[in-house]
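Here is a short report on one protein chain.

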Amino acid sequence: MRFALPSGDHVSAWSDPDDGSVHVPFDFDEAYRNYVTEEWKDHRSLRALSPNQLQLYYRVKRAVPRSWLLSARRVFMRRAGLPGFPAWPLDESVDRLLHFYALCLLTAGGSSHAPFRWFWPGSRRAALMLTHDVESAAGLRLAIDIADLEEARGFRSSFNIVGADYPIDMGIARELAGRGFEIGLHGLHHDRSLFSSREEFVRQLPGLRDAAQGLGAVGFRSPATHRVVEWLPELPVSYDCTMFHSDPYEPLPGGCCTLWPFRLGSIIELPYTLPQDHTLFTLLRERSTQRWLTTADAIEARHGLIQCLSHPDPGYLGERDNRVLYIEFLDALAERPRLWRALPRDVASWWHHRETAETPDEDVELGTMWRDGPNVWFEPPDATVGEEAAHLP
Ligand SMILES: [Zn+2]
């Protein structure tokens, strides 16, 4: 296998036919870490707003009509174009790295197959998480409508509430929790203050801890996905879902390029993997769920985590047209029995368990990695041999 360097030179991975050893011109752990922590950004110029431009954007945001801002963002996106990396809506970088890692393992072991801890409980082909950020008190009232639609189709989801920006109707939060939905924390204030400086981050931590406790939240998503990746493990929660596998439309674009959860220090990171409702329905003015469903199909075929992020608020799913599309999306997902429908907190504790359990473990089953020449595929514990080869990425 050959790999191109930024300089234009090439380096190769090769196996020695005499002793079967495999030589790889990079470090797998380092490559993986560079993707998931977005460290790759240090070596790339991103087509994004500078910190000063971003500050200006937030200063004028409240002063000008929303439609003007949307038009300005559309012009900006058209001029900038979509980046080649991370690819959108689906980036396969970490999936490819994983396949190459498996190929090297099997080649070095001289075998055609080997067991590994399957990604999900039992033989589930992929996982599905529905999450919502609640931007306003009106959004929290509308959350009940969204919960009704989901519950009627056998789904539960999480609602991330802002801790100290709008009056929180605790009756609604308690009702949602009582019906099996999850409440998460969406920052204290819906702005970029939390990650604006180290001092401010430290100053807000006690308030975040109190807000999480008051809401019974163990999960967090940062407002407008602002983030400093190294600080995320200090949040007073057990998981974070701020990061995304690829999203060029966020104020801080980029992506962790993976379709699976991963560990950041003491917390589990659950990246969202589908375009946001606002991106599809408002910014891009798409009037179908096709992009959501084809991306979900692709993630299911790769056995990843399908995570949808939408908003119950006015201007989002609060609008009738958008809600109709969301219902279509739920109806289509309800037809997929092999997906593990799970709350974020359950996915996070599963991932922790999968990492730390001693095998054999009654919950963690073994899948099989298969190799045929340079091709590698992953089969669930209950698959018949060859079933998955048809879905080679
Ligand atoms: Zn938000």
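## Overall fold

The chain's secondary structure amounts to eleven helices and 16 strands. Helices (H or I, at least four residues) and strands (E, at least two) are DSSP runs, numbered from the N terminus. The model is predicted: local features need pLDDT of at least 70, side-chain atom pairs count only at pLDDT 80 or more, and totals for chains, interfaces and linings use all residues. Numbering starts from 1 along each chain as its sequence is written, and side-chain values use heavy atoms, leaving out hydrogens and water.

The C-alpha trace spans about 70 × 50 × 40 Å along its principal axes. A compact globule of 393 residues would have a radius of gyration near 21 Å, and the chain's 22 Å agrees with that. The radius is taken over C-alpha atoms, and the globule rule is 2.2 Å times the number of residues to the power 0.38. Buried residues account for 50% of the 393. Buried means under 20% relative accessible area, exposed over 50%, and partly exposed in between (1.4 Å probe, protein chains only).

## Salt bridges

The count of salt bridges is 17. The criterion is a side-chain nitrogen of Lys or Arg within 4 Å of a carboxyl oxygen of Asp or Glu. Arg227 pairs with Glu38, with the closest N and O atoms 2.9 Å apart. This pair links distant parts of the chain, 189 residues apart: Arg227 sits in the loop between β9 (219–220) and β10 (239–240), Glu38 in the loop between α1 and α2. Both Arg227 and Glu38 are buried.

Arg263 bridges to Glu355, with the closest N and O atoms 2.7 Å apart. Arg263 is in strand β11 (residues 262–264) and Glu355 in helix α11 (residues 344–356), so the bridge ties together parts 92 residues apart in sequence. Arg263 is partly exposed at 30% relative accessible area. Glu355 is partly exposed too, at 37%. Elsewhere, bridges with shared partners join Asp148, Glu151, Arg156, Glu175 and Arg179 into one network. Within this group, Arg179 and Glu175 form a salt bridge, with the closest N and O atoms 2.7 Å apart.

## Negative surface patch

Asp27, Asp29, Glu30, Glu39, Asp42 and Glu230 form a patch of negative charge on the surface. Patch members have over 30% relative accessible area and no salt bridge, and like charges are joined within 9 Å. Asp and Glu count as negative. Each charge is placed at CG of Asp or CD of Glu. Glu39 lies in the loop between α1 (28–36) and α2 (51–61). Glu39 is partly exposed, because its relative accessibility is 37%.

## Backbone geometry

Most residues other than glycine have a negative phi, and most peptide bonds are trans. Which peptide bonds are cis here? One joins Phe85 and Pro86, with omega about -15 degrees. Another joins Trp88 and Pro89, with omega about 5 degrees. Pro86 lies in the loop between α3 (66–80) and α4 (93–109), and Pro89 is in the loop between α3 and α4.

Cys257 has a positive phi, near 65 degrees, and is not glycine. Cys257 lies in the loop between β10 and β11. Is Cys257 buried or exposed? Cys257 is buried, with a relative accessible area of 1%. Arg285 also has a positive phi, about 55 degrees. Arg285 lies in the loop between α8 (277–283) and α9 (290–301). Arg285 is exposed, at 54% relative accessible area.

Notes
Patches are made of residues with over 30% relative accessible area and no salt bridge: like charges are joined within 9 Å, nonpolar side chains (Val, Leu, Ile, Met, Phe, Trp, Tyr) within 5 Å. Accessible areas come from the Shrake-Rupley method with a 1.4 Å probe; for residues, only the protein chains shown count as cover.
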